[in-house]
Amino acid sequence: MSTADMKIITVIGSGLIGRSWSMVFVSGGYTVKIYDNQPGQAAKAITEIRKQLEELEGAGMLRGELTATQQLALLSSYDDMAKALEGAFFVQECVFEQLEVKQSVFQDIERLVGKDVTLSSSTSCLVPSSVFSKVQNRSRCLVSHPVNPPYYVKLVELVPHPETAATVMDDTHALMTKVGQAPVCLKKEIDGFALNRVQAAIIAESWRLVQDGIISVKDIDLVMSEGLGMRYAFIGPMETMHLNAPEGLQDYMKRYGEGITRVLNSFGPVPDFSGEGAKSIFNEMRELIPSDQQHLSARIQRRDQLLMSLAKLKKEH
Ligand SMILES: NC(=O)c1ccc[n+]([C@@H]2O[C@H](COP(=O)([O-])OP(=O)(O)OC[C@H]3O[C@@H](n4cnc5c(N)ncnc54)[C@H](O)[C@@H]3O)[C@@H](O)[C@H]2O)c1
Ligand SMILES: *[C@@H]1O[C@H](CO)[C@@H](O)[C@H](O)[C@H]1NC(C)=O
């Protein structure tokens, strides 16, 4: 397929993530066809996107070179999968996180598209070898795992199936870069990919420290938000170490490697996330932020506003 033809992207599933991907792709000037198997759902998604794009434009936070009106003109909705897939060079699947649903959706998609079309899944927890097990040609399949909300948090983990062609990884990396995301490539699949494995490690130790009576829920969150997180928005753990010793990473490990090893060896087993011990952590959290819709929505709104400002700051530097 020539690059002149590579204009149309089909988004399958129009929930939270399908809508976000659609906004990201139209911001990059692509035509986006949205399909959902719930009749009327894809059309509803566009109504919702219109509202968001207008708000973003008003706030000066719209991504890309086009106006909100121009971006909206690139969107269309379908209740018919075959029509939605017509002309697409790239398909981003965003349906429920259920293996059988994804497997059968990809089986359907493969029957309807040409042989050069890339099939990409948004799955957060399923490995490509499971998701694509019913696809015939797996060399064109990969996972493109976004972070919520993708409009402000730009990381996309590209995870290959064992059979994925290198060109498919490269082309998807280029596409994601072009639409303003920050893609990273995993060299092979692994449960949890990279982001969720690192996140699980942070969750485990945070949980343990609270459960063992070392620190409060409130204070462990401050350790991240006022401590580690300040740097991590701009430099990762590797560069952090590299900058924290006079002669860089190797020097850092000479000085601190033993200490880190000692601490790591004191880590306990996987903590209990649901038993008696967990109950007091749930309660402590609810005292800080009650679990009702009103309190949670207010905090979500605050989070997204702060992420928007941070995204702005990162763009300027
Ligand atoms: N929400 C997140 O934070 C997040 C982050 C990263 C990745 N993901 C992944 O993105 C995917 C979608 O998540 P979401 O939060 O948008 O879910 P969601 O429940 O908001 O949306 C799913 C949508 O898919 C539609 N759908 C279901 N089965 C379908 C089918 N067979 N054909 C077409 N449409 C179908 C539903 O009608 C619904 O509109 C999941 O795989 C999830 O793991 C989610
Ligand atoms: C499989 O997919 C690759 C990558 O899109 C494509 O180049 C190749 O022609 C496909 N093979 C078949 C047999 O369809």
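Let's start at ligand 2, where a side-chain N or O atom of Asn137 sits 2.3 Å from an oxygen atom of the ligand. That is a polar contact, meaning a pair of N or O atoms within 3.5 Å; within protein, one must be able to donate a hydrogen and the other to accept it, and residues adjacent in sequence count only if both atoms are side-chain atoms. This is a predicted model, in which local features need pLDDT of at least 70 and side-chain atom pairs count only at pLDDT 80 or more, while totals for chains, interfaces and linings use all residues. Residues are numbered from 1 along each chain as its sequence is written, chains are lettered from A and ligands numbered from 1 in the order in which they are written, and side-chain values use heavy atoms, with hydrogens and water left out.

Staying with ligand 2, a polar side-chain atom of Ser139 lies 3.2 Å from an oxygen atom of the ligand, and a backbone N or O atom of Lys115 is 3.4 Å from an oxygen atom of ligand 2. On its own, ligand 2 exposes 370 Å², and the protein buries 55% of that (accessible areas come from the Shrake-Rupley method with a 1.4 Å probe; for residues, only the protein chains shown count as cover). The residues around ligand 2, with a heavy atom within 4 Å of it, are Lys115, Asp116, Asn137, Ser139 and Arg140. By class, this shell holds no nonpolar, two polar and three charged residues; here Ala, Val, Leu, Ile, Met, Phe, Trp, Tyr, Cys and Pro count as nonpolar, Asp, Glu, Lys and Arg as charged, and the others, Gly among them, as polar.

Now turn to ligand 1. Of the 23 residues around ligand 1, Ile17, Asp36, Glu97, Lys102 and Ser124 come nearest. An oxygen atom of ligand 1 is 2.6 Å from a side-chain N or O atom of Lys102, and an oxygen atom of the ligand is 2.7 Å from a side-chain N or O atom of Asp36. Asn37 places a polar side-chain atom 3.3 Å from a nitrogen atom of ligand 1. The protein covers 79% of the 840 Å² of accessible area that ligand 1 has on its own.

Finally, step back to the whole chain. The protein is divided into domain 1 (3–185) and domain 2 (195–316), with bounds from an automatic or database domain assignment. Their contact (heavy atoms within 4.5 Å) takes 11 residues from domain 1 and eight residues from domain 2. The centres of the two domains, taken over C-alpha atoms, are 30 Å apart.
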